[in-house]
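The plan is to look up the two ligands and then a handful of residues.

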Amino acid sequence: MPRVLSGIQPTGDLHLGNLLGAVLNWVQDQQQADSLYCIVDMHALTVPKQPGEIGERTLELAQGLLACGLDPEQCTLFVQSHVPEHTELGWIIQCVTSMGELRRMTQFKDKSEQQEFISAGLFTYPALQAADILLYDTDKVPVGEDQRQHIELTRDVAERFNKRFGETFVIPQASIPRIGARVMDLQNPTNKMSKSSDGGAGTVYLSDDLAAIAKKFSRAVTDSDSEVRFDVAEKPGVSNLLSILSALTQRTPEETAAEYTQYGPLKKDTAEAVVELLRPIQTRMAELKADPNATLALLSVGAEKAGSIASAVVERAKNNIGLLPRR
Ligand code: AMP
Ligand code: TRP
């Protein structure tokens with residue numbers, strides 16, 4: 001069975017972009033692959049946080065992922081900081097990654113522009129991400145389009161390490177969905193939908209009241225002509241709605257576009273499809289929140305399983321480098 005690994009940061013609430021770009025594919029993959037999903041709390045440290053904040057958000061994200069359908073019987077769900085091998089291999093990977101490579105990362109450029117205090121960790125973040133992936137002999141990394149560059153870097157660094165120190169790491173491949181890989185903000189459809197965009201009118205959260213979701217779609221920015229056509233460059237707002245509805249109905253955006261002549265019905269049907277997706281997820285989420293200990297116990301089992309794979313791979317890397325073994 002192929003090995004799959006992906007990660008998500010415990011910052012902000014899960015939103016529709018996370019679901020269509022990543023999480024719903026994770027739910028599918030868990031049946032066909034040996035899958036590990038990691039809540040990357042160490043990555044969340046790269047931008048300043050209040051004391052206590054990350055832990056709370058980590059638990060909430062775990063509950064959100066379980067509510068979306070991750071099944072601990074079928075996959076390994078765990079928290080990055082519970083498996084210390086991530087930071088250990090992260091350091092080793094930093095030492096085979098160049099400053100030039102890190103400087104080219106667009107996520108760093110975007111995120112550092114929003115920060116007053118730019119941590120060194122924000123800069124070296126992709127090396128820790130590479131370690132997350134390489135620690136599990138991962139074949140496939142299901143992510144949204146925005147992560148393509150980080151997976152390419154992971155491949156380059158793994159190949160470099162293997163050349164320098166001998167076959168150590170499996171070279172992973174990104175797996176990016178054909179439709180839904182880049183869900184855009186409903187108010188600013190040239191920006192991707194994200195947890196941090198202000199106000200929240202353009203972001204559909206998993207936890208949004210269902211009536212509020214319908215409103216967000218009815219107010220979604222389209223454009224002044226009224227032709228329903230899939231054309232991302234000329235009609236970003238309409239194309240975003242078509243992509244969302246298509247991802248949820250297993251059609252291509254062109255096929256969906258052919259069924260509409262007006263924006264109103266397109267918005268209404270997209271909102272309905274999203275509401276039907278989220279309704280059962282919200283019910284399950286409420287059940288999980290009522291019993292936090294159950295989730296904590298699952299995460300502990302997950303860390304145990306992940307740690308046993310990770311420690312073997314770190315040992316392999318250290319041996320191949322030729323660090324002095326401890327007696
Ligand atoms: P993040 O929320 O940045 O930790 O991302 C978690 C996962 O969701 C990653 O695989 C991202 O590629 C994916 N993702 C985040 N935002 C979007 C979006 N607007 N559209 C599609 N995928 C997204
Ligand atoms: N950088 C990813 C993001 O911002 C999160 C992430 C961290 C990740 N480690 C990973 C994704 C490993 C896939 C595999 O979304």
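**Entry 1: ligand 1**

I began at glycine 144, where a backbone N or O atom sits 2.8 Å from an oxygen atom of ligand 1. That qualifies as a polar contact, a pair of N or O atoms within 3.5 Å (within protein, one must be able to donate a hydrogen and the other to accept it, and residues adjacent in sequence count only if both atoms are side-chain atoms). Valine 183 has a backbone N or O atom 2.8 Å from a nitrogen atom of ligand 1. I found methionine 193 with a backbone N or O atom 2.8 Å from a nitrogen atom of ligand 1 too. How much of ligand 1 does the protein cover? The protein covers 91% of the 490 Å² of accessible area that ligand 1 has on its own. Areas here follow the Shrake-Rupley method with a 1.4 Å probe, and for residues only the protein chains shown count as cover.

A note on the ground rules: this is a predicted model, in which local features need pLDDT of at least 70 and side-chain atom pairs count only at pLDDT 80 or more, while totals for chains, interfaces and linings use all residues. Residues are numbered from 1 along each chain as its sequence is written, chains are lettered from A and ligands numbered from 1 in the order in which they are written, and side-chain values use heavy atoms, with hydrogens and water left out.

Next I looked at the shell. It holds 18 residues, the closest being Gly144, Asp146, Val183, Met193 and Lys195. A residue is near a molecule or strand if one of its heavy atoms lies within 4 Å of it. Which element gives the most to this shell? Helix 1 (residues 16-32) does, with four residues. Helices (H or I, at least four residues) and strands (E, at least two) are DSSP runs, numbered from the N terminus. I sorted the shell around ligand 1 by class and got six nonpolar, eight polar and four charged residues. For the classes, Ala, Val, Leu, Ile, Met, Phe, Trp, Tyr, Cys and Pro are nonpolar, Asp, Glu, Lys and Arg are charged, and the others, Gly among them, are polar.

**Entry 2: ligand 2**

Around ligand 2 I find 14 residues, with Gly7, Tyr125, Gln129, Asp132 and Gln147 coming nearest. Tyrosine 125 places a polar side-chain atom 2.7 Å from a nitrogen atom of ligand 2. Aspartate 132 also has a polar side-chain atom 2.7 Å from a nitrogen atom of ligand 2. For glutamine 147, an N or O atom in the side chain is 3.1 Å from a nitrogen atom of the ligand. Taken alone, ligand 2 exposes 360 Å², and the protein buries 91% of that. Strand 1 (3-8) and helix 7 are the elements that give two or more residues to the shell. Helix 7 gives the most, with four residues. By class, the shell around ligand 2 has six nonpolar, seven polar and one charged.

I stayed with helix 7 for glutamine 129. Is glutamine 129 buried or exposed? It counts as buried because its relative accessibility is 11%; buried means under 20% relative accessible area, exposed over 50%, partly exposed in between (1.4 Å probe, protein chains only). Leaving aside neighbours within four places in sequence, glutamine 129 is in contact (heavy atoms within 4.5 Å) with His43, Gln147, His150 and Ile151.

His43 was my next stop, in helix 2 (residues 41-44). Histidine 43 counts as buried, at 2% relative accessibility. Its side chain makes a polar contact of 3.3 Å with the side chain of glutamine 80. Beyond four places in sequence, the contacts of histidine 43 include Tyr125, Gln129 and Asp132.

**Entry 3: leucine 65**

Leucine 65 lies in helix 3 (residues 53-68). I count leucine 65 as buried because its relative accessible area is 1%. Among the residues it touches, not counting those up to four places away in sequence, are Ile8, Val23, Trp26 and Leu77.

**Entry 4: serine 224**

Last, I checked the loop between helix 9 (210-218) and helix 10 (236-249), where serine 224 lies. Serine 224 counts as exposed, since its relative accessibility is 79%. Serine 224 and threonine 76 are 47 Å apart in space, C-alpha to C-alpha, and 148 residues apart in sequence.
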